[in-house]
Amino acid sequence: MSLMHSMSVPVFAKTLGNLAAILDKAGAYAEARKIDPAVLLTARLYPDMFALTKQIQLACDFAKGSVARLAGQEPPKYDDNETTIAELRTRIARTIDFIQAVTAAQFDGAEAREVVLKIRDQTFTYKGLPYLAHVALPNFFFHATTAYDILRHNGVELGKRDFIGTV
């Protein structure tokens, strides 16, 4: 098995699955307290940060984009049009399905594969291993953690086990 595959696909899939379960708790929390779920979906930790919905979208984007790039593929594009918990769960499920369909064999040579990112007006070039370790995973976990933090800050009863899951 490819180390790059095992350090990306299962890691992304597990955390995305945990995010889906966290969204279920958020939905139950909103329903029990008669809160419009949109209040949670548009919540932010700070005015200049992205809202919960965008944090989930970005976590999915980093997972699918990283796996695709490391496997030498073009990342699939998703419209950022989710407005409900159910739609975000569908995006997460679609992302998990995509990344789990990428085989370990497709990661052959991924450590040294050139990954080129165009961000706004800049281009960044990385080798696969530093890209995964220093760009993809930290960004993915930043957005996944921020999504968790937004919900926790808004009263959803979550703990570390919800984020990490079971081993």
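Modeller: Buried means under 20% relative accessible area, exposed is over 50%, and partly exposed is in between (1.4 Å probe, protein chains only). This is a predicted model, where local features need pLDDT of at least 70, side-chain atom pairs count only at pLDDT 80 or more, and totals for chains, interfaces and linings use all residues. Residues are numbered from 1 along each chain as its sequence is written, and side-chain values use heavy atoms, with hydrogens and water left out.

Colleague: So is Leu19 buried or exposed?

Modeller: Leu19 is buried, because its relative accessibility is 2%.

Colleague: And what is Leu19 in contact with, leaving aside neighbours within four places in sequence?

Modeller: With contact taken as heavy atoms within 4.5 Å, Leu19 touches Ile56, Ala59, Ile92, Ala144 and Ala147. Ile92 is 73 residues from Leu19 along the chain, yet their C-alpha atoms are 8.2 Å apart.

Colleague: Switching topic: how many salt bridges are there?

Modeller: There are 8, counting a side-chain nitrogen of Lys or Arg within 4 Å of a carboxyl oxygen of Asp or Glu.

Colleague: What does Asp24 pair with?

Modeller: Arg89, with the closest N and O atoms 2.5 Å apart. That pair links distant parts of the chain, 65 residues apart: Asp24 is in helix α2 and Arg89 in helix α5 (residues 85-101). Helices here are DSSP runs (H or I, at least four residues), numbered from the N terminus.

Colleague: And which residue does Lys25 bridge to?

Modeller: Asp162, at 2.8 Å between the closest N and O atoms.

Note on methods:
Helix = DSSP H or I, 4+ residues; strand = E, 2+ residues; numbered from the N terminus.
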